Amino acid sequence: MGEVRIRVPGGIARGSVARARALVIHPNERVERKDGKSLDKNYRFVNRVVVSYLGRDIAEFALSTSIGENPSFGFAFRATEPGQLKVTFFDSHGSRFEGAAEVKLG
C-alpha cells in the first residue's frame, strides 16, 4: 500500500499544457450502509490529493469514499520549466503517500 506512480509525457514543449496521470496503490474502503445509515467503522480511504510542480502547489483535490480501489487521477498543467512534478495522496488515517516524476522539455 502507498506506492505512487506518475506518468508524464516526454519532450513537452515549453509553455504548453501537458496531461499527467497519477495512481496510488490503496484499498480505499467504501463506506457500507445498512438501513440508510453508515456502519460504525473506521474506514480508510484517500481523502485529499495535492499536486505540486517546481515546488509550488498547482492543484488540490478533496475526495470522498465514492472513488474505488487504487485510485488514478488525470490532470493538466502548463510546463514552463524542466523540473519535478510531485503528487501527494493523503488518507483518512493520516497517512501520506508521495511520488515524483521529472518534467523534461523538448
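Modeller: Two strands count as paired if DSSP finds at least two bridges between them, a strand being a DSSP run (E) of at least two residues, numbered from the N terminus. This is a predicted model in which local features need pLDDT of at least 70 and side-chain atom pairs count only at pLDDT 80 or more, while totals for chains, interfaces and linings use all residues. Residues are numbered from 1 along each chain as its sequence is written, and side-chain values use heavy atoms, leaving out hydrogens and water.

Colleague: Which strands stand at the edges of the open sheet?

Modeller: The open sheet has four strands in the order E6-E5-E8-E9, with antiparallel pairing. Each edge strand has a single partner, so one of its sides is left without a neighbour in the sheet. The strands at the edges are E6 (56–62) and E9 (96–103).

Colleague: Is Thr 88 buried or exposed?

Modeller: Thr 88 lies in strand E8, and beyond its neighbours within four places in sequence its contacts (heavy atoms within 4.5 Å) include Val 49, Arg 96 and Phe 97. Buried means under 20% relative accessible area, exposed over 50%, and partly exposed in between, with a 1.4 Å probe and protein chains only. Because its relative accessibility is 4%, Thr 88 counts as buried.

Colleague: In E2, which residue is the bridge partner of Arg 5?

Modeller: Strand E1 (residues 4–7) has Arg 5 and Arg 7 on an uncovered face, with Val 4 and Ile 6 on a covered one. Four bridges join E1 to the antiparallel strand E2 (residues 17–24). In E2, the bridge partner of Arg 5 is Leu 23.
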